[in-house]
Amino acid sequence: MGEEVPDFCNEKVILEAKDFRTATTVGDKTYVISTLDDGPKSTNSIRILDKLTQTWIVPTVLGTQPIHFEAHSAILVNDDRVLVVAKNGAPLIDSIWFLEVNTSFVKQQCKIRGTEVVAWSKGVLGRGQKPVVISGPSGVGKGTLIAKLMNDSPSRFGFSVSHTTRAPREQEIDGVHYHFTERRKMEKEISEGKFLEFANVHGNLYGTSIEAVEAVTDEGKRCILDIDVQGAQSVRDSSLEALFIFVCPPSFEELEKRLRARGTETEEQIQKRLRNAKAELDQSNTPGLFDHFLVNDDLETCYENLKKLLLLDDGSCVSDYSCSTTDSKAMTYYTVLSKTDSEVLLQPETGKVEKGTTSMLSLDLSSLSGGAPGGTRGIKICSVNKG
Ligand SMILES: Nc1ncnc2c1ncn2[C@@H]1O[C@H](COP(=O)(O)OP(=O)(O)OP(=O)(O)O)[C@@H](O)[C@H]1O
Ligand SMILES: Nc1nc2c(ncn2[C@@H]2O[C@H](COP(=O)(O)O)[C@@H](O)[C@H]2O)c(=O)[nH]1
């Protein structure tokens, strides 16, 4: 893990490439973010200087990687992440990133992988859209409701494609309904920290990979997870802040009827799923686990209620941040000027102020939430009045 002189420090590389870097110190470590403009091979790279041992560490970099930026400025916020304002040819709203160095996600991943880990997460204005966890006993209609949602709003919602060791059903497509895999392979990937959650469900292994959630959030869509109650509890305990919905059957008899009518399980499997359904219905009452309960009696009514819940909590409310859209969408490159508590002052790159924009902006980071995997939400941008 430790290296004396990585390529990154090689003077020749620095001299030949257009290099830009910042260094942010957190405790005994200095995080160096470097943008090497080396033609088509241009990259952003992260190196950590362990100040105690005076060695360089090449960390495992997780999260949604920002596209290569020409330059950037950086400052530590909340003691656990570095705010990076990038010059990437995009408006300010797409230029705010966080390099997580000490968040709960990073700490958890360090422990699992036994390596130094950092993670990128994109900054999101306002509350943003939390991923949605949908749970409920087998046969209650989760898949049917989610399929309707995907069909009606494919650009707004994206399905987190789980991994499973169960055999595919007739109509199921690998990579669409599930990533069908083998137990040994999946167990190895779990031990490598690739999964946000996993559980043994009805005798098979199921799990949500970090990549599955990122694939959806990278597309700017709201992520929908169809997972069992154990998985929901694991996500609750993880760094992923989500909305948790439990779907209940109108009666146990109706649940059994639906499972049988689906015709995808053997009698033995149906019995197992029904036994587990009783336990899941009990566990759904665990205090603080689910935010909302829906009864799937009439499908259309339940679907309308689901949509209402998602609209109530869709993060599109902009009243909680007084953002000047002119400033946040302008192509001006801003750099970090100063920081007080959880407010960061940004100034435009000298001489590059776009017509109609204010000179300085304040980023209010007092309500940050979420983070990798997914975005860091809760940023408010305010114009700073010129005195
Ligand atoms: N409201 C409803 N009324 C009647 N039948 C329904 C209703 N909702 C779903 N179904 C039917 O019930 C069966 C089970 O639904 P579905 O496969 O969506 O359940 P599920 O919760 O996703 O199950 P699993 O957890 O096993 O994947 C399907 O045949 C579906 O068409
Ligand atoms: N904990 C997780 N549970 C999952 C995941 N993907 C699906 N599921 C749950 O498994 C059962 C059975 O599904 P089926 O497709 O075999 O009928 C169901 O309750 C799903 O919600 C996952 O990634 N993690």
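**Figure 1. Ligand 2 and the side chains around it.** A polar side-chain atom of R273 lies 2.8 Å from an oxygen atom of ligand 2. The protein covers 96% of the accessible area of ligand 2, which on its own has 510 Å². The model shown here and in the other views is predicted. An N or O atom in the side chain of R166 is 2.6 Å from an oxygen atom of ligand 2. The side chain of E197 has an N or O atom 2.7 Å from a nitrogen atom of ligand 2. There are 19 residues around ligand 2. Those that come nearest are S162, R166, Y178, Y206 and D226.

**Figure 2. Ligand 1 and its surroundings.** Ligand 1 is surrounded by 14 residues, of which S138, K142, G143, T144 and R262 are the closest.

**Figure 3. The crossing of helices α3 and α9.** Helix α3 covers residues 142-152, and helix α9 covers residues 299-312. Their axes come within 10 Å and cross at roughly 65°. The crossing is right-handed. On the α3 side, the residues that meet α9 are T144, L145, K148, L149 and D152. On the α9 side, they are L299, E300, C302, Y303, L306, K307 and L310. Sorted by class, this contact has seven nonpolar residues, one polar residue and four charged residues.

**Figure 4. The packing of helices α7 and α8.** Helix α7 (residues 252-262) packs with helix α8 (residues 267-283) at an angle of about 145°. The two axes are 11 Å apart. The crossing of α7 with α8 is right-handed. From α7, the contact takes in F252, L255, E256, L259, R260 and R262. From α8, it takes in E267, I270, Q271, R273, L274, A277, K278 and L281. Seven of the residues in this contact are nonpolar, one is polar and six are charged.

**Figure 5. D174 in its loop.** D174 lies in the loop between β13 (163-164) and β14 (179-180). Apart from neighbours within four places in sequence, D174 is in contact with H179 and F180. A polar atom of the D174 side chain lies 2.9 Å from the backbone nitrogen of F180. How many Å separate the C-alpha atoms of D174 and C382? The separation is 46 Å, and the two residues are 208 residues apart along the chain.

Figure 6. Most residues other than glycine have a negative phi, and most peptide bonds are trans. This view shows one exception of each kind. N78 has a positive phi, near 55°, although this residue is not glycine. N78 is in the loop between β7 (71-77) and β8 (81-87). The peptide bond that joins A372 and P373 is cis, with omega about -5°. P373 has its place in the loop between β23 (369-370) and β24 (376-384).

Technical notes: Residues are numbered from 1 along each chain as its sequence is written. Chains are lettered from A and ligands numbered from 1 in the order in which they are written. This is a predicted model: local features need pLDDT of at least 70, side-chain atom pairs count only at pLDDT 80 or more; totals for chains, interfaces and linings use all residues. Side-chain values use heavy atoms; hydrogens and water are left out. Axes are lines fitted to C-alpha atoms, for helices over the stretch in contact, and angles run from 0 to 180 degrees between N-to-C directions. Helices (H or I, at least four residues) and strands (E, at least two) are DSSP runs, numbered from the N terminus. A crossing is left-handed if the near helix is turned anticlockwise from the far one by less than a right angle, and right-handed if clockwise. Contact means heavy atoms within 4.5 Å. Ala, Val, Leu, Ile, Met, Phe, Trp, Tyr, Cys and Pro count as nonpolar, Asp, Glu, Lys and Arg as charged, and the others, Gly among them, as polar. A residue is near a molecule or strand if one of its heavy atoms lies within 4 Å of it. A polar contact is a pair of N or O atoms within 3.5 Å; within protein, one must be able to donate a hydrogen and the other to accept it, and residues adjacent in sequence count only if both atoms are side-chain atoms. Accessible areas come from the Shrake-Rupley method with a 1.4 Å probe; for residues, only the protein chains shown count as cover.
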